[in-house]
Amino acid sequence: MAKRKGTGNREPRTGATGGNGRASATTAREPHGSRFPVPGSQSASARASATLTRAQKLDLYYWMRLTRSLEERLVALYRQTKVVGGLFRSLGQEADAVGSAYALERRDILSPLIRNLGSMLVKGATPLEILRQYMAKGDSPTRGRELNIHFGDTNRGFIGQISPLGDMVPVMAGVTMTFKMRRQDRIGLVYVGDGATSTGAFHEGFNFAAVQRLPLVVIVENNGYAYSTPIEKQTAARQFVDKAIGYGVEGLQADGNDVLAVYDVTKQAVDRARGGGGVTLIELMTYRRKGHAEHDNQSYVPPGEIERWAAENDPIDRYLVVMREELGATDDEIAAIDARVAHEVDAATDEAEKSAPPEPLDALIGVYADPPRERPLWFREGTERAVDVNERAEGWGTWQASRTGSA
Ligand SMILES: Cc1ncc(C[n+]2csc(CCOP(=O)(O)OP(=O)(O)O)c2C)c(N)n1
Ligand SMILES: [Mg+2]
């Protein structure tokens, strides 16, 4: 009888586990009975996060809360039609981006995707930039020419993503190759979704980075879906971390909704890369609680699945338990962080709302070294004139003729 595959890799794991059977100094912890175990209930002494200060651990909460609140604000703006283009949420996945980016040094570079807003915030992107970018304002980082979080700043350590899935893997292979060739003590981190692992670009980039032993960490964020495609239809592999075997690199897997486990497993891979040990593939087990984008009604998701993850495995709810029980965080302390986040998001929204839309000529700036100056507004004089004067080939007849059908 054919073995049913796929469902096994939807179960969240606890902590970090070696995924490819190779010897690995992981922070492996035995799963216990609970389906969604509360983090921190295991021995924590071997964990890298054990060396984080209390303030740093509270910081992790701040970044996750900021990510969620900023996205919630974006939803409100989207419904007011103030967001231009799609809106992509990381609801329920905030721990992945935040915990992993937190394991990097300032000089390291990461390449985020649409669900990694939190990693950009950790790296220094501001809520104001994000809001202006989503609202396509003239003073947004890309002057209104690119949407959502498609912008980068190498000084702050995040590079601008492009949409074709998997393509950032070869890009980051190139980035980390420069680190290696220049003998710089820097590493790179690239995020991909489960869907992106099926692309040729992912394979080529990964293989190249592995062969060259580049200082690169590849995070596969397994959130169960690539648009409407569930992972059972994405891969015949039992789990994504198994792909590490084929590339000859270390593979690790962690509970992506446990921010400390994400930090631990990323720090382990980062340290290996920094020490010359090459690429690590990390599979983070999480769940996409919203549709691919705000317009997607998730009709393809089995009933109850989203609600179950929301009720039982929310990364912020889970971390609040850790904060209270292990860090002794008080209600007042938590409320103060929440209030700080609310204030920052409100202030950034007020500021972003004031910004003007881009000027038409902005479209040319940064594209041409010497942008054309003559008749800058020809395209605003009407489609008819624009087509006739600039595009209509001789022999096509006149505009008027094409409209009326006369020769
Ligand atoms: C090569 C390529 N094919 C298709 C698309 C359209 N597309 C954009 S996002 C997406 C789903 C991505 O799923 P996954 O990689 O799992 O990331 P997630 O959205 O779950 O974070 C698809 C199919 C694309 N951008 N690039
Ligand atoms: Mg996915």
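Reader: In this predicted model, which residue forms a salt bridge with D108?

Author: D108 sits in the loop between α2 (94-101) and β2 (109-111), and its partner belongs to helix α8 (residues 259-274), 166 residues apart in the chain. The closest N and O atoms of the pair are 2.5 Å apart, and the partner is R274.

Reader: Where is K137 found, and how far away is the nearest side chain of opposite charge?

Author: K137 is found in the loop between α4 (127-134) and α5 (168-181). Leaving aside neighbours within four places in sequence, K137 is in contact with several residues, including R132, R143, A352 and E353. K137 is buried yet has no salt bridge, and the nearest side chain of opposite charge, that of E353, is away by 5.6 Å.

Reader: Which residues have the most contacts inside the largest nonpolar core?

Author: The largest nonpolar core has 66 residues, and its largest share, 11 residues, comes from helix α1 (residues 54-79). Apart from this core lies another of 26 residues, among them I109, M168, A173 and A196. Not counting residues up to four places away in sequence, I130 touches L70, L74, L117, L121, A125, I149 and F151. Inside the largest core, the residues with the most contacts are I130, Y319 and M323.

Reader: Which residues come nearest to ligand 1?

Author: An oxygen atom of ligand 1 is 2.7 Å from an N or O atom in the side chain of R115, and a polar side-chain atom of N223 lies 2.8 Å from an oxygen atom of the ligand. A polar side-chain atom of D194 lies 3.1 Å from an oxygen atom of ligand 1. Of the 13 residues around ligand 1, those that come nearest are R115, G195, A196, N223 and Y225.

Key
Residues are numbered from 1 along each chain as its sequence is written. Chains are lettered from A and ligands numbered from 1 in the order in which they are written. This is a predicted model: local features need pLDDT of at least 70, side-chain atom pairs count only at pLDDT 80 or more; totals for chains, interfaces and linings use all residues. Side-chain values use heavy atoms; hydrogens and water are left out. Helices (H or I, at least four residues) and strands (E, at least two) are DSSP runs, numbered from the N terminus. Buried means under 20% relative accessible area, exposed over 50%, partly exposed in between (1.4 Å probe, protein chains only). Lys and Arg count as positive and Asp and Glu as negative; His and the chain ends are not counted. A salt bridge is a side-chain nitrogen of Lys or Arg within 4 Å of a carboxyl oxygen of Asp or Glu. Contact means heavy atoms within 4.5 Å. A nonpolar core is a set of buried Ala, Val, Leu, Ile, Met, Phe, Trp, Tyr and Cys residues joined through side-chain atoms within 4.5 Å. A residue is near a molecule or strand if one of its heavy atoms lies within 4 Å of it. A polar contact is a pair of N or O atoms within 3.5 Å; within protein, one must be able to donate a hydrogen and the other to accept it, and residues adjacent in sequence count only if both atoms are side-chain atoms.
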